[in-house]
Amino acid sequence: MHIHLLQHGPDHGPARLTDWLASMGHSYSIYHLYADELTPRPNEADALIVLDGPEELLSEPPRWFKAEEKLINRYLDGQKPLLGIGLGAHWIARALGAVVAPGTYAEAGWHTVTLAPESTFDLPETFSAFMWHRLIFSLPDEAIALGGSEAAPLQGFAWDRGRVMGLLCHLEATPASVNWLLSNTQPYATSKAGTRYVQDNAKITENADRFIQLAPLLDRLMTQWLKAT
């Protein structure tokens, strides 16, 4: 398969996603929309991944967002797999009629996700994932919940039998991607949202094994997603 990835800022790249795609024999193209690269056409790829990005883009859409929004809606109306992570999940959820709003608490660092009883995600009943968000979304109509953490009761959803997925948590994170994020992004500790679930940089990076443990979770999720059509 050939897969398009939409990137919304230099600090929110694909991380382990491209390694996984290449290891499974898939080709891919990354479109750096923040750098004024044109949004691709829906018929040019077999699937679309909408990556994370600065949450400020939700309240202040960039000039290129109209083209991206149109592309997201084309995928929602079609039959090809669509995956959103972080900001991408917010945009997909909103396109499906869900509400996007600030959560009671920001989440930054490693937190436990518990699957919902009705979840169809091929993931363990509980697992640790990297978080980096202040905004949350409600469950879109006809979607199935992934599950939640203490701070965010909805960490993701599956729609249209799993062809469309949205993830608030990050299974694609690597030490390099997180270190880059910590070095270049304002921490949520300075935001107006509560900071009970915001870990400091030392806590986030103290255990490299956590990133290794994400790899099989990403593999299970991506395999399930691409087989859902």
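This is a predicted model: local features need pLDDT of at least 70, side-chain atom pairs count only at pLDDT 80 or more; totals for chains, interfaces and linings use all residues.

Biologist: Okay, which residues touch the most other members in the largest nonpolar core?

Modeller: Those are Ile49, Leu123, Leu171 and Met222, out of 42 residues in that core. Helix 7, residues 209-226, gives the most to this core, with eight residues.

Biologist: What is methionine 222 in contact with, leaving aside its neighbours within four places in sequence?

Modeller: Methionine 222 is in contact with Leu17, Trp20, Leu21, Ile49 and Leu83, once those neighbours are set aside. There's also another core lying apart, made of 33 residues, and Ile92 is among them.

Biologist: New topic: how many residues of helix 4 are buried?

Modeller: Seven of the nine, so helix 4 (residues 87-95) is mostly covered. The buried ones include His90, Trp91 and Ile92. After the helix comes glycine 97, with a positive phi near 95 degrees.

Biologist: And how many salt bridges are there?

Modeller: The count comes to five. In one of them, arginine 63 meets aspartate 36 at 2.5 Å, N to O. Those two sit 27 residues apart, and both are in loops.

Biologist: Is arginine 63 buried or exposed?

Modeller: Exposed, because its relative accessibility is 68%, and the cut-off for exposed is over 50%.

Biologist: What about arginine 163 and aspartate 160, buried or exposed?

Modeller: Both are buried. They form a salt bridge too, with the closest N and O atoms 2.6 Å apart. Arg161 joins Asp160 and Arg163 in a network of salt bridges.

How values were computed: Residues are numbered from 1 along each chain as its sequence is written. Side-chain values use heavy atoms; hydrogens and water are left out. Buried means under 20% relative accessible area, exposed over 50%, partly exposed in between (1.4 Å probe, protein chains only). Helices (H or I, at least four residues) and strands (E, at least two) are DSSP runs, numbered from the N terminus. A nonpolar core is a set of buried Ala, Val, Leu, Ile, Met, Phe, Trp, Tyr and Cys residues joined through side-chain atoms within 4.5 Å. Contact means heavy atoms within 4.5 Å. A salt bridge is a side-chain nitrogen of Lys or Arg within 4 Å of a carboxyl oxygen of Asp or Glu.
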